[in-house]
Every structure is written in structure tokens, then in C-alpha cells.
Amino acid sequence: MSDAQGDVPRHHPFVLGIIGDSGSGKSTVARGVRELIGAERVSTLELDDYHRYSRAERQELGLTALNPMVHNLSLMQEHLQLLRRGRPVRNRSYDHTDGSFGPMRTLDPEEVVVVRGLLGFPTEELAATYDLTVFLYPEPELLFRWKLRRDTKTRGYTEAEVLKSIARHLLDSKLYVLPQADRADLVVRYEVPDWDAPDTEVRTTLILRRAAAEAVRRDGIGGRFGEHVRVEDGEGGTLTVHVASTVSREMVDAWGAELFPDTYEAAHFGLHQDDEGGEAHKVPLAFTQVLIADLTQRLRRPHEAAIVNASTLA
Ligand SMILES: Nc1ncnc2c1ncn2[C@@H]1O[C@H](COP(=O)(O)OP(=O)(O)OP(=O)(O)O)[C@@H](O)[C@H]1O
Ligand SMILES: O=C(CO)[C@H](O)[C@H](O)COP(=O)(O)O
């Protein structure tokens, strides 16, 4: 966001990447984070807009949407750097309904820029353009379940079409999407005890690294939720937070309301689609949304102070 002459940025945005495979829950998590921070303080960058080819062209070339060759990564990096400096960017938009491109649009960065997509940090260099990187990582059974549910209930695909698409994407997911987990500051792992176990039995594990691990460690989060949230120190300063499906909704609501008194509306968080295409609630999902929004707020402060110091010294 800049002034009338476009030369003095109003603020130095914090760039948060929420990355993962198609159907991994990026929109679901990002929706909650945006609402907690305050929708008017957040802009969203869709990485699908950096596709080089339309769906039809990709099909003709025999390339999946997960292949780095179909993404204009250098334009994406340039735009991330501009946004981080508070500058607007212009790009065309990808239309999910038919896989074509819409008109050029301008994105003005607000205080927080949420970047959502498949390939946000396929290289170390790209990872360095973010202030916080999150990778959503449902185990294959769950990804399959969630994508099938979403694509048949709300995107108009048949079950056979979704199965075919998943099969076609499997290898590229392994080659290009999943390795990004190793670079993320926070990996959100979702697992089920067995294939038939319902969503209510999903185990959510948050693996934190570097400053993100430090921030959560300082907070002493474990004590607050008793045995339902177990915190474990790992190698190289990592921190693993195990969130049991039994974690109490009242406790998470109280935590959310304490951290975000102006925006936490218990009924709005932890929501996802159920088997029938209706709405269901999951406490670990609300927990994850609150934790990511809180990390964003807390890491933003030193980030802003560092920028102010650098500009004072310059
Ligand atoms: N923690 C969760 N528990 C149960 N279902 C979930 C969870 N997170 C997401 N879902 C469901 O999984 C489906 C896919 O989620 P979502 O649309 O957020 O994924 P996405 O990563 O944004 O997908 P895409 O990149 O393809 O747009 C949705 O139906 C959503 O409600
Ligand atoms: O949802 C997706 C990622 O966010 C899609 O996988 C991707 O953007 C393009 O694929 P499609 O041909 O299905 O539009």
C-alpha cells in the first residue's frame, strides 16, 4: 500500500505463506487466520495466478499444475519482494471454473499478506521471501478424502474425475509439493489411525522450527490445555505440539478470545466441510488457526522493529 504518489509505503507487510497440495486445507486454515487478524488488515495472494499456462495448454503439454515448469516462479519472487516492501503488484487471475486467465488486477498489500498455493517455496531463495512459512500436510488417505469430498460436493466433478486427477498428480506431489515441508517454519501434519476413522479422530501435529518454535516455547502453551496438548522438544531446536482430538472446545475458545478479543467469534473458527457437504466443527482446526494467527502477530513485532531500526540506521 503506498501514498498518493506511490513512493512511500504505508507499512511493511508481514508475508505469511500457507502452502500445501490441492485439498490440503489451505483455504480453510487461511480463512480463520484472516478473520482473526482482521479481514481489513490482510491481503491474499493466490499463487494459481502465477500459472504460465491455461488448463487446456497444460493438458496439451502433459504437465500437471504441480510441476514447477508451469509456474512463473521468477515473477512470483519479484512480486513477493515488492509486497514485502509495501508495494502493489499487478497480475492476471487464474479462473478455477474453466482454467483460463481473467483480466489484470492490482493487489495492494495490507499489514499481512497471506500467500496461498501449491508451490510457494520450492527453493530456499523463495522461502527467504516470507516472514513465516506454513506447510499443510494431511497424510495421503486424508488428502484423498478431503479433496474427493470438496471436488464432488462443491466443484462439480464426478468421483471418477477426482480419482483420475489424484492419480495423475501423485508423482509430482511427491517430487515437487511435499519436499517444501522440509523448509517450512511450521508443518501441520494431519493423520488418522485407520482409513475408516472419521474426521473427529484426526490427530493434528504441529512441527515448529526456528523463530516460530521459539515463540511457542516461550508461551508455554502445553500447560494451558492439560494432557490434550503435548509439547515435545526435538532435534535442532524444533518443537512438536501434539493436539489431541479431545482438546476441549471451551479451552480453545477461551484462548482465542483472550488473544483476539476483537475478532474471535467461537462459531466462526474450526469449520470445515463434512461428508454431506454441510458444515462441521473441529477443535484442533480452531486451535491451528489461532496458533498461526498468534504467531503472525508475535513475529510481526520484532519484524517491524527490525525494519524501523534498519531505516533509522540507513
Ligand atoms: N482439518 C480439517 N478437517 C476436516 N476437513 C478439512 C480440514 N481442513 C480442510 N478440510 C476440508 O478439506 C477440503 C479441502 O480444503 P480446502 O478447500 O481448504 O483445501 P485447499 O488446500 O485450499 O484446496 P485447493 O488448493 O485445491 O483450493 C474442504 O472440504 C475442507 O472443508
Ligand atoms: O486447486 C488447485 C490448486 O490450488 C489446482 O490444482 C490448480 O490450481 C490448477 O488445477 P486445475 O486445472 O484443477 O484448475
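Which residues line the largest cavity?

1. This is a predicted model, in which local features need pLDDT of at least 70, side-chain atom pairs count only at pLDDT 80 or more, and totals for chains, interfaces and linings use all residues. Residues are numbered from 1 along each chain as its sequence is written, ligands are numbered from 1 in the order in which they are written, and side-chain values use heavy atoms, without hydrogens and water.

2. The lining of the largest cavity consists of Val216, Asp219, Ile221, Trp255, Leu291, Asp294, Leu295 and Arg298. A cavity is a set of points on a 1 Å grid over the protein atoms alone where a 1.4 Å probe fits but cannot get out, and lining residues have an atom within 4 Å of a point.

3. The structure has 1 cavity of 30 Å³ or more, and the largest holds about 30 Å³ of space. Volume here is the space filled by probe spheres set on the points, which are joined across faces, edges and corners.

4. Helices H7 (210-219) and H10 (283-313) each give at least two residues to this lining, with H10 supplying the largest share, 4 residues. Helices are DSSP runs (H or I, at least four residues), numbered from the N terminus.

5. Around ligand 2 stand Ser22, Asp48, His51, Arg55, Arg58, Ala65, Tyr94, His96, Leu118 and Arg155, each with a heavy atom within 4 Å of the ligand.

Methods: 1 Å grid on protein atoms, 1.4 Å probe; cavity = no way out; pocket = protein on both sides within 12 Å on 5 of 7 lines; lining within 4 Å.
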